[in-house]
Amino acid sequence: MECPVCACLSATFPCPSCRKVLEGYAFSSLWRERCPVCGCPTLSLAYPCRFCETHYQAYGPLQGLLRELMVRYKVGGQRDLSRLFASLLIPLLPPGAGTCLVPVPASGEGLRRRGFDQGLLLARNMHMPVARLLTRTSRGVQKQQDRRGRAQVAFQVEDRNLPSLRRLVVVDDVITTGSTMRAAIASLEQHYAVPVTGLAVCLA
Ligand SMILES: [Zn+2]
Ligand SMILES: [Zn+2]
């Protein structure tokens, strides 16, 4: 098959050398310390662990090859990269049965421009149950802005009976300010009595 990164022919997806380069971008490679509470990679034990504070984490920073691949995925429409990104996220999922993935829905504008929902496609490639429980209110980004002038995102949550549900994991491609992920996690926590965490490919 063709490596989605370098387009060489390879028996593995991606090819071994691209896999190695991508592993170098993982926070687990960049950050040697591990949080004593949750086990997540952390820059320094002198600071509070990001995951313990926010309940979300990402595979790696939006830099270098990861950034280039994200542009190829979101702007260039290279959809097979969703399989690659999913393979990076699967090892970061919490262990145990009963996990359900909830993709952050694409904005209406992004969906029109791109022709596919990048978060949904990513979640569907992670070989786990997927439930589309979130809807952006007022058809996309709300008009009101926060104090820093950024658009606020709000979600409507679908109440669904999910038998043997143990935890929800919100899946997104990129976490920029974190406000979208925080809103998604908080909305789901209000409706479902299970732990909710967030997972993204890149942290900007
Ligand atoms: Zn390659
Ligand atoms: Zn932690």
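Tutor: Helices (H or I, at least four residues) and strands (E, at least two) are DSSP runs, numbered from the N terminus. The model discussed here is predicted: local features need pLDDT of at least 70, side-chain atom pairs count only at pLDDT 80 or more, and totals for chains, interfaces and linings use all residues. Residues are numbered from 1 along each chain as its sequence is written, while chains are lettered from A and ligands numbered from 1 in the order in which they are written.

Student: What is the radius of gyration of the chain?

Tutor: The secondary structure of the chain comes to 8 helices and 8 strands. The globule rule (2.2 Å times the number of residues to the power 0.38) gives 17 Å for 204 residues, and the chain is close to this, so it is as compact as a globular protein of that length. Taken over C-alpha atoms, the radius of gyration is 17 Å.

Student: Which residues of helix 1 are buried?

Tutor: A residue is buried if 20 or more other C-beta atoms lie within 10 Å of its own, exposed if 12 or fewer, and partly exposed in between, with C-beta atoms placed from the backbone. In helix 1 (residues 16–25) the buried ones are Cys18, Leu22 and Tyr25. Seen down the helix axis, the buried residues fall within an arc of 40° (from the directions of axis to C-beta atoms), so they line one face of helix 1. The names asked for are Cys18, Leu22 and Tyr25.

Student: Which exposed residues lie on the face of helix 1 turned away from its buried side?

Tutor: The buried residues of helix 1 pack against strand 3 (56–61), helix 4 (64–74) and helix 5 (81–89). The face turned away from that buried side carries the exposed residues Pro16, Lys20, Glu23 and Gly24.

Student: At what angle do helix 1 and helix 4 pack?

Tutor: Val21, Leu22 and Tyr25 in helix 1 meet Gly64, Leu65 and Leu66 in helix 4 (contact: C-beta atoms within 7 Å). The two helices are therefore roughly perpendicular (65 to 115 degrees). Their axes, lines fitted to C-alpha atoms over the stretch in contact, are 8 Å apart, and the angle is about 110°.

How values were computed:
Contact = placed C-beta atoms within 7 Å. Axes fitted to C-alpha atoms, helices over the stretch in contact; angles between N-to-C directions. Parallel < 35°, antiparallel > 145°, perpendicular 65-115°, else oblique.
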